[in-house]
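Here are my notes on this model. Please read them with the structure open.

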Amino acid sequence: MEQKKSEWREWLKAIVVAVLLAGGIRYFIFAPIIVDGISMMPTLHNHERMIVNKLAYKIGMPHRFDIIVFHAEEGRDYIKRVIGLPGDRIEYKNDTLYVNGKPYKEPYLDERKKQVADGPLTEPFTLEELTGRSTVPEGHLFVMGDNRRFSKDSRHIGFIPMSKVVGKANLVYWPLSDARIVK
């Protein structure tokens, strides 16, 4: 009888440790997210499931073109691509991104640009026209969705404070047939 109680205690301990470990990993390190909408197409598709690395930016800043998840003002999490880092001057003209006066290629937009026949994928703008500021403020990011015509991003909601960034999203795990690392 005593041996059965001991065995049950060991099982209970193992289950509690497993639950605490899984909860800790999910809360502090990795979290699942579901892509909701078409704002990141063709890179990400509606209802794809991804893993968010919450530790990615605890020490450093995101890199330009990273795909991040952040808390939006509406109480929802958004997934977008980092376009501007603190101190950057951002401009779009002739469907080309200019950062600090230098043109940047955005190969992840090539497919989408081919599908658009009635003008540019990204309407021309300067950061100052959109925000009244000439550069991205310290501690903030300027983000955009890859489906530029159908994305609610920094052009509409403004700069994203680093304190609102949940983490980096670059691993699609569902549907299994579409599992991949996203760039």
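1. Keep in mind that the model is predicted.

2. Ser39 has a relative accessibility of 14%. The cut-off for buried is under 20%, so Ser39 counts as buried. Beyond its neighbours within four places in sequence, Ser39 is in contact with Ile79, Lys80, Gly145, Asp146, Asn147, Phe150 and Ser151.

3. Lys80 belongs to strand E4, residues 77-84. Its relative accessibility is 3%, so Lys80 counts as buried too. The side chains of Lys80 and Ser39 are joined by a polar contact of 2.8 Å.

4. Which residues does Lys80 contact, leaving aside its neighbours within four places in sequence? Ser39 and Met40 are among them, as are Asp66, Ile67, Ile68 and Phe70. The list also includes Val143, Met144 and Gly145, then Ser151, Lys152 and Asp153.

5. In an unreviewed UniProt entry, the annotation "active site" covers Ser39 and Lys80. They are spread over 42 residues of sequence, yet cluster in space, with a largest C-alpha distance of 8.0 Å. Both Ser39 and Lys80 are in the lining of the largest pocket.

6. Now the pocket itself. The largest pocket holds about 430 Å³ of space. Its lining has 23 residues, and those nearest the centre are Ile33, Ile34, Asp77, Tyr78 and Ile79. Strands E1, E3 (67-71) and E4 each supply at least two residues of the lining.

7. What is the make-up of the lining of the largest pocket, in nonpolar, polar and charged residues? The residues divide into 13 nonpolar, 3 polar and 7 charged.

8. Thr122 deserves a separate look. Thr122 lies in the loop between helix H2 (110-115) and strand E8 (125-126). With a relative accessible area of 1%, Thr122 is buried. Why does that value place Thr122 among the buried residues? Because buried means under 20% relative accessible area, and Thr122 has 1%.

9. The side chain of Thr122 makes a polar contact of 3.3 Å with the side chain of Arg148.

Definitions and conventions: Residues numbered from 1 in each chain as written. Predicted model: local features only at pLDDT ≥ 70, side-chain atom pairs only at ≥ 80, totals over all residues. Heavy atoms only, no water. Helix = DSSP H or I, 4+ residues; strand = E, 2+ residues; numbered from the N terminus. Buried < 20%, exposed > 50% of the residue type's maximum accessible area, 1.4 Å probe, protein only. Polar contact = N/O pair within 3.5 Å; in protein donor to acceptor, adjacent residues only side chain to side chain. UniProt positions renumbered as here; feature names shortened; annotations may be inferred. 1 Å grid on protein atoms, 1.4 Å probe; cavity = no way out; pocket = protein on both sides within 12 Å on 5 of 7 lines; lining within 4 Å. Contact = heavy atoms within 4.5 Å. Points joined across faces, edges and corners; volume = space filled by probe spheres on them. Nonpolar A, V, L, I, M, F, W, Y, C, P; charged D, E, K, R; others polar.
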